Amino acid sequence: MATKSAEGNTIAAADDMRQDGAPAAQSSSTSEAVSTRVSGQDSGTSTPGKVKTEKELERERKKAEKLAKLEKKNAARAEAAATSANKTKAEKKVKEKKAEAEVLPPFVEETPPGEKKRIKPFDDPHYSSYHPVAVESAWYAWWEKEGFFQPQFTPEGQVKPEGKFVIVLPPPNVTGVLHMGHALGNSLQDMMIRYNRQKGKTTLWLPGCDHAGIATQNVVEKMLWKKKQQTRYDVGRTKFVELAQDWKEEYHKKITNAFRKMGSSLDWTREAFTMDENFSAAVTDVFVRFHEEGIIYRANRLVNWDSTLMTALSNVEVDNKELPGRTLLDVPGYERKVEFGIIVHFKYPIENSDETIEVATTRPETMLGDTGIAVHPEDPRYAHLVGKFAVHPFIKGRRLPIVADTYVDREFGTGAVKLTPAHDPNDFNLGTTHKLEFINILTDDGRINENGGPYQGQKRFDVRYSIQEDLKKLGLYVDKKDNPMSVPLSERTRDVVEPIMRPQWWVKMSALAGDAIKAVETGEIKIRPESAEKTYLHWMSNINDWCISRQLWWGHQCPVYRVRLEGEVDVHDSEDRWFAGRTEEEALAKAKKAWPDKKFELVRDEDVLDTWFSSGLWPFATLGWPNETPDLARLFPTSVLETGWDIIPFWVARMIFLSIKLTGKVPFSEVFCHSLIRDSDGRKMSKSLGNVVDPLDVISGIELQTLHDKLLTGNLAASEVKKATAYQKTAFPQGIPECGADALRFALIAYTTGGGDINFDVKVIHLYRRFCNKIWNACKYVLGKLETVDDFVPAERRALTGHESLSELWILHKMNYAVKAVTEAIEQRDFMRSANLIYAYWYFQLCDVFIENSKALIQQGSKDQINSALQTLYSALEGALVLSHPFLPFITEELWQRLPRRPGDKTKSIMLAKYPEWDQQFENPAAEAAYDIVLGCSKGVRSLMAEYAPKEKAKIFIHAHNATSHKTVSEEKSSIESLSGKFAAEIEILSPDHARPAGCVAFPVSSAVSVLIHVADRVNFDEEIAKATKKLEKARVAVQKQDKLIHDPTYLKKANVVTQDADRAKLADLESEAKGLEATIEQFKQLKLE
């Protein structure tokens, strides 16, 4: 049973959100229906526990109506009455929010750090409505102090019978603060960890940071130059490493603080760092093992060289910039921009001849390193020149042999190719084949060395121009043309990367790749999504040997020593002069054994190891490897690696092959690759663009000027600061509003499709703060109801009593479905669906329907009905909180702690509460079908009222077309009234035998039921037909436009999955609106005939 008591429910307001969690546009009729419903609600700030009487509510309504009239009177006279009223209400809400923000004092947490939070009542200013800063305070320190984040074992010290679930956190670089990509991965990992912890498993989420050799060295060098105009060489290696360590300490604190603010349930007692003592010992051990086995070897080969940092780079640290043709680029160290995207043609003289041979190059300066020319063996133009020599015009005495090789494409260019084996990967192979000289022409800092003849000491790109002028003087210059090309740029310094010959340490991949490929092909490791698995297999199947040397000072210094024999020239490249050792003493012993009769000294290699070499050990070295620790025995292999798809080849692959080689086990059984986060315009986030968003700014909010000020604290150039400031003004004109950690986490999880990249928009995050507010008001309302009942005690367990109403059976069925569906979605890594299911249960089932309907049961039911309704309210709310905890840890803990406990329940924290499980007793499809009719009827009433009788009393009929539906609507009439709004004054139930009442417009709920509103005495049929026809024309145009959009080939190629789904849903809504208008026109035509 129920009454028309919809007024006063603070949580039943229909916000502008879809049931799938995505924002949605409203049709005009929907907007009016929502407006009608919201107008009957109070502010919801009454003291919990006090039930207002009808007279009190009536007085408040009259007072509000009086105030609304006054506001309306002061509005602009020229506007229409409805528009004026809506505008006034909107302005009033803005003013109220501003006033609240001004009046509310700064929040101060009174709970001592580490103690359980001292919960304040709802009438406290910071808790009367949802305020993230208050709700998210104090809980984390208590969780951490209580040891809730640490893995729990059986009394015997073994993994619990439910199993284990272990994740190692992908270690963030200590180069700076966390960004939204970290926040995305963090949200997904913590959700999985909390879920499995609640499932009763032994769980561990192991934190740590990466020293990030090249990235950290780059920012520290920039800082050193910016503050003191010094280079690393000015301060020396020891002092520089100290500065890098200080930087690491500073940013480590910022990183861990951000993780804590986000609610990350990381076990800080096991925190690791890639350069701590234990980890460094593991890195050294691997190098020594591999060197002894011949897997690590030394070779003089081409590497990617950064002339600014003066180090080799891995492929992942190189960005390839595509140029359409001639382009001027900024290059560090040059005052003017440098020309790229061109190809220069010039001629080499043939020795002892007047002949020349024409070649072409995109890098004219590299001709100083040319040592040969290649032609196709079947090219008749050059057959007579094969075996002869060309003469270098600038390097005295250098002769360039002309060789024949089928590699040359005789149709491309002139068919003759200049060869620079020491500075080009393709030329390197040809140089090796034809035994050409390998002449390096560049110094470490990008100048021409002694091999460059008259150009020695000049900058490489200055020579690019001067050498062309000199060729012209000699009559050897031909021309210059536009040439689309790719230019390799250092990810860190933006310098142009040069291929350079350097003796380096390499890892022989043929010994490691096979087993790593097999582990994925056989399913021992599952990589999601499928595209990421294909990337992995392609990379591993075509992998080259891995250069692990870096010419840096910050990192793991190579544990290998060179023998310098007394009285001999120092040899760097000879393999027999190098000895690896865990200690210098171990290396010395090996050297003495190899050189027993020689006097020598040991010189340690100054290079450090590639960061990926150490981070490749992360899943097992963090658990104690190479030592046989209890953690390694119990918790390895780990369960899931959650990371970005972009580092599959460079990190994920290396963890897999290193783990299999060193431990005999795969490091994890599953890899889930999340999408990359881009800005709202779809651009890659970059500090220089100003579109990198700090998660803490989203959590706490930040003013626009403060955002601008933060740009000045980094290493951005003045031009980049200007560009970034402009973007911030456009993207965040009002700054970033306070959203809270829960809203941020939930939004990022709801963004995750496992497909395309994510276009991040802070407005979406703020919408999920409204969702948190919805949850807050729901719990506040329910707790208020529970407190009005003397001695209310929740049942010992969730179970049916036999006294449940239809609405109770419906919500328990819906909760049961949500539990099953959310569990399945998490297990299948369908994170977007899991979040949307949580959202839909809270918003559209618990808040908008059941709590609304329960008020009548509580106010007018029998004692058994009231108790049943309260128990169901408690169960539905408790279940929702526990179900939602992995997604929304702070608000769920705060509200769960306010709930009365079930008898015998001693659970200390919601994070330890058992995750809900599907229960057969709550499965009730019949109740769902019956109550769906109730909901359909109430929706029909609201829609018709909004269209034809806004804010007026109206006569409503519910016409049942069969006996079953007639029984349902008759028994649930009061529920329909409760859900239909206060203006549905008269609702009459009609049996199947009744004729359709005259003068009515119908809303077809289903084939079993229709809702009708009497309009004959309130509307002009011709006017309504004309109005509906005009709307129909617009709707059809909108349908055509939307249909054209979603079938556009360019759109299908570029739009992400989320956008396409939303646009398809929008088309369905528009088509439905058009069909509804067509039906309305027909109804009015029929009414004219009555």
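# Reading salt bridges, backbone exceptions and helix packing

Colleague: At a relative accessibility of 49%, how is Arg326 to be classed: buried, partly exposed or exposed?

Modeller: Arg326 counts as partly exposed at that 49%. Buried means under 20% relative accessible area, exposed means over 50%, and partly exposed lies in between, with a 1.4 Å probe and protein chains only. Please note that this is a predicted model, in which local features need pLDDT of at least 70 and side-chain atom pairs count only at pLDDT 80 or more, whereas totals for chains, interfaces and linings use all residues. Residues are numbered from 1 along each chain as its sequence is written, and side-chain values use heavy atoms, with hydrogens and water left out.

Colleague: Which residue does Arg326 meet in a salt bridge?

Modeller: A salt bridge here is a side-chain nitrogen of Lys or Arg within 4 Å of a carboxyl oxygen of Asp or Glu. The partner of Arg326 is Glu339, with an N to O distance of 2.5 Å. Arg326 sits in the loop between strand 7 (318-323) and strand 8 (327-329), while Glu339 belongs to strand 9 (residues 338-340), so the bridge ties together parts that are 13 residues apart in sequence. Helices (H or I, at least four residues) and strands (E, at least two) are DSSP runs, numbered from the N terminus. Glu339 has a relative accessible area of 1% and is therefore buried.

Colleague: How many salt bridges does the structure hold?

Modeller: The structure holds 63 of them. One of these pairs Lys710 with Asp694, whose closest N and O atoms are 3.3 Å apart. That pair links distant parts of the chain: Lys710 is in helix 21 (residues 704-711), and Asp694 is in the loop between strand 28 (677-678) and helix 20 (695-700), 16 residues apart. Lys710 is partly exposed at 33% relative accessibility, and Asp694 is buried at 13%. Arg492 and Glu491 form another bridge, with 3.7 Å between the closest N and O atoms. In that pair, Arg492 is partly exposed at 29%, and Glu491 is partly exposed at 30%.

Colleague: Which residues are linked in a network of salt bridges?

Modeller: The network consists of Asp285, Arg289, Glu292, Arg582, Glu586 and Lys590.

Colleague: Turning to the backbone, where is the peptide bond cis, with omega near 10°?

Modeller: That cis bond runs from Trp625 to Pro626, and Pro626 lies in the loop between helix 17 (618-621) and helix 18 (630-635). A cis peptide bond also joins Arg528 and Pro529, with omega about -10°. Pro529 is placed in the loop between strand 19 (526-528) and helix 14 (530-541).

Colleague: Which residue has a positive phi of about 75° although it is not a glycine?

Modeller: The residue is Ala138, in the loop between helix 4 (132-135) and helix 5 (139-146). Gln229, which is not a glycine either, has a positive phi of about 50°. Gln229 is found in the loop between helix 7 (213-228) and helix 8 (232-235), and at 47% relative accessibility Gln229 counts as partly exposed.

Colleague: Which residues of helix 29 and helix 31 meet?

Modeller: Contact means heavy atoms within 4.5 Å. Tyr931, Val934, Leu935, Cys937, Ser938, Val941 and Arg942 of helix 29 meet Ser975, Ile976, Leu979 and Ser980 of helix 31. By class, this contact has seven nonpolar, three polar and one charged residues. Ala, Val, Leu, Ile, Met, Phe, Trp, Tyr, Cys and Pro count as nonpolar, Asp, Glu, Lys and Arg as charged, and the others, Gly among them, as polar.

Colleague: At what angle do the axes of helix 23 and helix 28 cross?

Modeller: The axes of helix 23 (residues 741-751) and helix 28 (residues 889-896) cross at roughly 125° and come within 7 Å. The two helices are therefore oblique to each other. Ala741, Asp742 and Arg745 in helix 23 meet Pro889, Phe890 and Ile891 in helix 28. The residues of this contact divide into four nonpolar, no polar and two charged.

Note on methods:
Axes fitted to C-alpha atoms, helices over the stretch in contact; angles between N-to-C directions. Parallel < 35°, antiparallel > 145°, perpendicular 65-115°, else oblique.
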